[in-house]
Amino acid sequence: MCFDVRSEKVSFIQAPTAIVLVGKDAIFIEYNGKLASIVFMHSPSDRSIPFDLWILEDAQKHEWSKQTCVFPSSAWESVSCRRMSFQSANKAGEIIIVTSVVNTLEVQPFYIFYYNVRTTMSEELGS
């Protein structure tokens with residue numbers, strides 16, 4: 001939903017089908033000053049956790065861009081909690097990922113990951 005402050009009009013943004021299909025489980029964050037959504041891809045691979053980052057480029061034209069990202073599962077090997085929570089993105093464009101469940105009965109480290117979409121994309125492309 002969009003609200004134009006000047007005209008005081010409300011309009012609706014058309015989301016890509018991939019976002020609509022996940023429904024109430026959709027993850028929305030602010031990414032580089034734009035609305036973005038993270039959609040997990042279902043993959044049989046246990047070596048990585050792929051997800052699509054959908055970025056709203058133009059709300060009036062309903063234009064979205066998509067970047068496929070792969071968060072290495074090896075990063076989670078030392079983490080007892082396997083659930084991720086995507087919090088937001090910082091000003092550097094890194095997506096902030098934290099463990100979503102903390103065991104209160106046992107003292108354990110709390111992990112925060114910073115996923116740099118640009119760096120990871122250039123590494124995948126061989127740059």
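1. The model is predicted. In strand 9 the side chains alternate: those of Phe 113 and Tyr 115 are buried and point to one face.

2. The largest nonpolar core has 17 residues. Tyr 115 is among the members that touch the most others, along with Tyr 31, Phe 51, Leu 53, Ile 95 and Ile 97. Several strands give two or more residues to this core: strand 3 (27-31), strand 4 (34-40), strand 5 (48-58), strand 6 (63-72), strand 7 (84-89), strand 8 (94-99) and strand 9 (112-116).

3. Another core, of 6 residues, lies apart from the largest one. Its members include Ile 19, Trp 54, Leu 56 and Trp 64.

4. Leaving aside residues up to four places away in sequence, Tyr 31 touches Ala 36, Leu 53, Ile 55, Ala 89, Gly 93, Ile 95 and Val 117.

5. Asp 52 belongs to strand 5. Asp 52 counts as buried because its relative accessibility is 9%, and the cut-off for buried is under 20%. The side chain of Asp 52 makes a polar contact of 2.8 Å with the side chain of Thr 68. Not counting residues up to four places away in sequence, Asp 52 touches Thr 68, Ser 37, Ile 38, Val 39, Met 41, Lys 66 and Gln 67.

Methods:
Residues are numbered from 1 along each chain as its sequence is written. This is a predicted model: local features need pLDDT of at least 70, side-chain atom pairs count only at pLDDT 80 or more; totals for chains, interfaces and linings use all residues. Side-chain values use heavy atoms; hydrogens and water are left out. A nonpolar core is a set of buried Ala, Val, Leu, Ile, Met, Phe, Trp, Tyr and Cys residues joined through side-chain atoms within 4.5 Å. Buried means under 20% relative accessible area, exposed over 50%, partly exposed in between (1.4 Å probe, protein chains only). Helices (H or I, at least four residues) and strands (E, at least two) are DSSP runs, numbered from the N terminus. Contact means heavy atoms within 4.5 Å. A polar contact is a pair of N or O atoms within 3.5 Å; within protein, one must be able to donate a hydrogen and the other to accept it, and residues adjacent in sequence count only if both atoms are side-chain atoms.
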